[in-house]
Structures are given as structure tokens and as C-alpha cells.
Amino acid sequence: MAFKLSNESSPFPEIMGRVCPQDVLCEGDCTLNHRHGAITIGSIEKYITEKGFENGLTIDFPKQKLGKSVAVIGSGPAGLSLATYLLRAGIDVTIYERASRAGGLLTYGIPGFKLDKNVIERRTNLLKKGGLNLKTNIEVGKDISFEDLRKNNDAVFIGIGSTKPKKQIFLTKIANEFIWLWNF
Ligand SMILES: Cc1cc2nc3c(=O)[nH]c(=O)nc-3n(C[C@H](O)[C@H](O)[C@H](O)COP(=O)(O)OP(=O)(O)OC[C@H]3O[C@@H](n4cnc5c(N)ncnc54)[C@H](O)[C@@H]3O)c2cc1C
């Protein structure tokens, strides 16, 4: 029951339990901190889900389909979350991911000692079992056009993250201005 509930209210509780900064967010701001100390929700989420998996529990997706399809660009937490909720609603989902593995920054940003990559793969495999069509090594805009996705689906979700940090863009702008002034 706890496994089911935990998975109902979060698309991947075992991942959030590991990487979400609860100490400064919900646990840090909990009113119980004034007298008793907050419930350690992150550790609890992780424990419940891991115990469930250990005991062979899994997540079921409906077999009945609505006859609608959504193309999702990017398989980071945004894309995977949306895919979870759409599959639960009986909507067909295809994720297009330019990298060779799913997960976005979960896979390529957060270090393995904080989030073991097998944990992401296990969750992705669960979604695939639930009907997710995951197409890796496909960059939208290069290998397939955005227009094609729009034409062939009822909706398109863009979950491509932000590869370039703001600071870098800002510094590049300043450097370009400087080079321009220098040449002038
Ligand atoms: C080093 C590092 C550590 C972090 N640690 C934490 C942490 O401990 N806790 C935490 O909560 N957050 C952490 N974050 C932040 C968190 O990882 C991001 O907020 C989150 O991944 C954003 O999710 P997203 O799905 O929007 O984008 P992303 O995770 O960036 O996923 C976007 C995906 O879209 C794909 N994509 C992009 N363009 C295309 C295209 N044209 N066609 C197909 N695919 C495309 C990319 O390959 C990528 O897989 C960390 C980030 C970094 C960089």
C-alpha cells in the first residue's frame, strides 16, 4: 500500500528521495522543526520504494488506450515525469532523446555516488514495460523535424532542459562586446 501511494504521488520517489534537497526545502521549512523535527520524507520515500522493488512490487499502467499520442522531446526528469502521467491516463507516448541513454541530467549531470545510474535505468525500464516508446540517439531538429512530430501526434512536449548555463551566455556576450570594442 505504501509503495503504491508513494508512486501515485510522485513519478519516481526513489530518485526524488535520493536527489531532492529536502533539507533546505520541505524538511527544512517544516513547522514541526520548531519542536519535534521534520519527518525525513526523502529517506522514507527511498526506503519504501526500494523495499517494494526488493519484494517484487511493480507499477501497473492501464491496458486500455484513449487513442491519443504525445511526442516528448527530452528524457530528463521533465520528460520522464510527463510520460509517467500520460501513460497512466492511457495515452501513447514516444520520447525522443538525443543522448544514448535516458535521464537527462539525472544520467549525465548528477554524479553516480549520489544517484546510481541503475536506479534511472530501472525506472525507465518500468515505463517501457508500461508502453513507453523510447527513441534514443535521435535529435529533434536534426534527425527528425519538429513539424513531423506535430503532424503525427496530438501534442508535443518540449522538455529539453537548459544545456547552457546563464552565466556562460552572459560571459560570452561580455567577451563579444569586448572584442568588438578592441577592434574598434
Ligand atoms: C551537476 C549537476 C548536479 C545536479 N544535482 C541535482 C541534485 O542533486 N538535485 C536536484 O534536484 N537537481 C540537481 N540538478 C538539477 C537537475 O538535474 C535539473 O534541474 C533537471 O535535470 C532538469 O530536468 P529537465 O528534464 O528539464 O532537463 P534535462 O535533465 O537537462 O533533460 C533534457 C533532455 O533533453 C535532451 N535534449 C535536448 N535537446 C534535444 C533535442 N533537440 N532532441 C532530443 N533530445 C534533446 C537532452 O539530451 C536531455 O536528456 C543538478 C544539475 C547538474 C548540472
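Colleague: How many residues does helix 5 have, and how far does helix 5 reach?

Modeller: Helix 5 has 12 residues and spans 16 Å from first C-alpha to last, close to the 16 Å expected at 1.5 Å a residue (1.5 Å times one less than the number of residues). Helices (H or I, at least four residues) and strands (E, at least two) are DSSP runs, numbered from the N terminus. It's a predicted model: local features need pLDDT of at least 70, side-chain atom pairs count only at pLDDT 80 or more, and totals for chains, interfaces and linings use all residues. Residues are numbered from 1 along each chain as its sequence is written.

Colleague: Which residues of helix 5 are buried?

Modeller: Pro77, Gly79, Leu80, Ala83, Thr84, Leu86 and Leu87. Buried means 20 or more other C-beta atoms within 10 Å of the residue's own, exposed 12 or fewer, partly exposed in between, with C-beta atoms placed from the backbone.

Colleague: And what covers them?

Modeller: Strand 1, strand 2, helix 6 (105-108) and helix 7 are included, where contact means C-beta atoms, placed from the backbone, within 7 Å.

Colleague: What follows helix 5?

Modeller: Gly90, with a positive phi near 85°.

Colleague: Switching to helix 4, which residues are buried there?

Modeller: Gly42, Glu45, Ile48 and Thr49. They sit on the same side of helix 4 because they cover an arc of only 140° around the axis, taken from the directions from the helix axis to the C-beta atoms.

Colleague: What's exposed on the other side of helix 4?

Modeller: Lys51 and Glu54. The buried residues pack against helix 1 (2-9), helix 2 (13-19) and helix 3 (26-29).

Notes. Two residues are in contact if their C-beta atoms, placed from the backbone, lie within 7 Å.
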